[in-house]
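Colleague: I am new to reading models like this one. Please take one topic, cavities and what lines them, and walk me through it slowly.

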Amino acid sequence: MVSLVQTVSKFAVPEPLKPYVEIFYTREELTIIKALDGAALSREELAARIDAEFGGMKDFYHFLKIAYRRDAVSKVDTEEGVKYVASPMTSRVNNCATFERETWEKIPAKDREAIVGYHYSNFLHGKSMLTLEQLRKNGNRVMPLDEIVEYLKSYSADVITILPCDCRSKFGSCGHSRNVCISISTALNTPYDRGLGTPVSTDEAVEILKKAEKEGLVHSADGAAAICNCCACCCYPTRASLDLGLKGKWPVVSYVVEMDEEKCVNCGLCVKRCHFGVFARDAGKITMDADKCWGCGLCVSSCPKKALSLRKLAAEEEN
């Protein structure tokens, strides 16, 4: 069996993550990654290479299935059929934090903080290298509750899967619920195809969205058939958007809040609900900076006097 040291020398492990290789991978997974050696191979090609180079692997297909579930490897669709490639280590880290809490929480807190710091920096750098057009390709858009419910209902109930929020799973300190993200796709490399998450009915998923709304989480969806319920403190895309100065451009914002000052009783619920500092209390009066608005509607749904509403932006206003 190949040694861990030999495998790390062949596998592109980011320098800050090298101390954690043995935490995130099994010996079988590292052997599979070394056998792939940067190539895309079918199950049969990969098995043959492991036989030739390492004398085989008992229960190889079982370990390959587990490696795929754990995002140590991913699938690619080629003209010759589905093949396997090594996943980036950042993907494996994400999978562990999200679905393997016992392992993740065994890592000392200071090390988890270092891992998450690198993980987010890597994500941010990757997004910074893309054009706005490239960023928008996945269709990521902030939606109020009624629209996100309709978006959900446009998909078959047979593929709705509830997942822990991967961003909140890594940061994990804001106190918001984790099991609120929704996958609605069966494509390669989705949680559904990896055998992850909990299948639910459409009605159950709608209830999760309503609970997320009540909790004060921002709904967003993308063309990859995923729904997130986000907080601004943990959510990678939200944080990256703010860090890169792309508020309203990516994810796309389609609404802006408006206030009827005559109806406002200055209760301050909007101040508490908003993640983006749109509202403030000044000498007992609520003030509003609509330029900061993400159009999520959390303030609107909580306003007891219906003093707030959302205005649909014209296409040219969507940046």
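Modeller: Happy to! Let me sort the residues first: Ala, Val, Leu, Ile, Met, Phe, Trp, Tyr, Cys and Pro count as nonpolar, Asp, Glu, Lys and Arg as charged, and the others, Gly among them, as polar. This is a predicted model, where local features need pLDDT of at least 70 and side-chain atom pairs pLDDT 80 or more, while totals for chains, interfaces and linings use all residues. Numbering starts from 1 along each chain as its sequence is written, and side-chain values use heavy atoms, without hydrogens and water.

Now to the spaces themselves. Two cavities of 30 Å³ or more are found in the structure. (A cavity is a set of points on a 1 Å grid over the protein atoms alone, where a 1.4 Å probe fits but cannot get out; lining residues have an atom within 4 Å of a point.)

Start with the largest cavity, whose volume is about 100 Å³; volume here is the space filled by probe spheres set on the points, which are joined across faces, edges and corners. Its lining has 15 residues, and Cys264, Cys267, Cys270, Cys303 and Ala307 are the closest to the centre. By class, this lining holds eleven nonpolar, two polar and two charged residues.

Move on to the second largest cavity, with about 70 Å³ of space. Around it you can find Val257, Arg273, Cys274, Phe276, Val278, Phe279, Cys293, Trp294, Cys296, Leu298 and Cys299. Ten residues of that lining are nonpolar, none is polar and one is charged.

Note on methods. On a 1 Å grid over the protein atoms alone, a cavity is a set of points where a 1.4 Å probe fits but cannot get out, and a pocket is an open set with protein on both sides within 12 Å along at least five of seven lines; lining residues have an atom within 4 Å of a point.
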